[in-house]
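Student: I've got a model open and would like to talk it through. Can we start with the packing and then go residue by residue?

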Amino acid sequence: MAFEALKKLQEKCGVSPDGAFGPNTAKAIVKHYELSPERGAHLLGQLVHESGSFKYTEENLNYSVDACLKVFGKYFKTAEEAEPYARNPKALADKVYGHRMGNEGQGYLWRGRGFLQLTGRDQYRSFASEMRVPEVMDNPDLVSTDYAMESALHFFKKNNIWKVCDEGVNYDIIKRITRTINGGHNGLAHRVEETEKIHRWLT
């Protein structure tokens, strides 16, 4: 359910679990995870954009035929080919993820979860080991609920983003971090706006 992961995170960080993200929650998260204002601002600014303000923690694979063709054109050349997978998240995930990332035909089980989504058994295994949460391999849904923030912390560490965060908060740095996360610069203006706003909250 929407905002359940944020409420659990708020409880973990010692603030009222109201499911609303604002200055108090931002400060509590930064304190709980021992982040600098710069690291906290970059992390949270990116997550606001990526997760719809902490609303979404699971990949939406409920695609129309047109969306299947647009997003997964590598797998579907015609509308007829995409038709059986449209509005069928399990079939779609098994088709596009089932033989990649260590999934061995279990694409849906290892679909994207978390505020910065883990995708694929290999990523889950790395996360479970690095973050010392082996239970995730038996119940990957925990990344949607209990460890949504940890998925993002793992991504920032694994991709050496913290070092970039430490350079400060400005447009060019946010753009560089966005490229690492997004592979491009989708939503850059919104990411800049949120990161700068949160940095003001934290300082």
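Student: What covers the buried residues of α2?

Tutor: Before the packing, a note on the model: it is predicted, so local features need pLDDT of at least 70 and side-chain atom pairs count only at pLDDT 80 or more, while totals for chains, interfaces and linings use all residues. Residues are numbered from 1 along each chain as its sequence is written, and side-chain values use heavy atoms, with hydrogens and water left out. Helices here are DSSP runs (H or I, at least four residues; strands are E, at least two), numbered from the N terminus, and buried means under 20% relative accessible area, exposed over 50%, partly exposed in between (1.4 Å probe, protein chains only). With contact taken as heavy atoms within 4.5 Å, the cover over the buried residues of α2 includes α1 (4-13), α3, α9 and α12.

Student: Which residues of α2 are buried?

Tutor: The helix itself runs over 23-32, and the cutoff for burial is under 20% relative accessible area. By that cutoff, the buried residues of α2 are T25, A26, A28, I29 and V30.

Student: What comes after α2, and what is its phi?

Tutor: E34 sits in the loop between α2 (23-32) and α3 (37-50). E34 is exposed, at 74% relative accessible area. This residue is not a glycine, yet its phi is positive. So what follows α2 is E34, with phi near 55°.

Student: Where else does a residue other than glycine have a positive phi of about 55°?

Tutor: Look in the loop between α5 (79-82) and α6. The one with the positive phi of about 55° is R87.

Student: What do the buried residues of α6 pack against?

Tutor: Helix α6 covers residues 89-97, and its buried residues are L92, A93, D94, V96 and Y97. Their packing partner is α4 (65-71).

Student: Is L61 buried or exposed, and which residues does it touch?

Tutor: L61 is in the loop between α3 and α4. Its relative accessible area is 2%, so L61 is buried. Its C-alpha is separated by 22 Å from that of L6, 55 residues away along the chain. Not counting residues up to four places away in sequence, L61 touches F72, P89, L92, A93 and R111.

Student: Which backbone oxygen does the side chain of S151 reach?

Tutor: S151 belongs to helix α9 (residues 148-158) and is buried, at 1% relative accessibility. Setting aside residues up to four places away in sequence, S151 touches R113, G114, F115, L116, L118, F127 and V143. A polar contact is a pair of N or O atoms within 3.5 Å; within protein, one must be able to donate a hydrogen and the other to accept it, and residues adjacent in sequence count only if both atoms are side-chain atoms. The S151 side chain makes one at 3.0 Å, to the backbone oxygen of L116.

Student: How far is the backbone oxygen of N186 from a polar atom of the R191 side chain?

Tutor: R191 is placed in helix α12 (residues 188-202), and at 1% relative accessibility this arginine counts as buried. Beyond its neighbours within four places in sequence, R191 is in contact with Q46, H49, E50, I174, T178, I181, N182 and N186. From the backbone oxygen of N186 to a polar atom of the R191 side chain, the distance is 2.8 Å.

Student: And R125: how far apart in space are R125 and M137?

Tutor: R125 lies in helix α7 (residues 121-130). Its relative accessible area is 40%, so R125 is partly exposed. Although R125 and M137 are twelve residues apart in sequence, their C-alpha atoms are separated by 6.8 Å.

Student: Zooming out, why does the protein count as being as compact as a globular protein of its length?

Tutor: The protein has twelve helices and zero strands. The globule rule is 2.2 Å times the number of residues to the power 0.38, and the radius of gyration is taken over C-alpha atoms. For 203 residues the rule gives 17 Å, and the protein is close to that, so it is as compact as a globular protein of that length: its radius of gyration is 18 Å.

Student: What share of the 203 residues counts as buried?

Tutor: The C-alpha trace spans about 55 × 35 × 30 Å along its principal axes. Among contacts between residues at least 6 apart in sequence, 51% join residues at least 24 apart. As for the buried share of the 203 residues, that is 45%.
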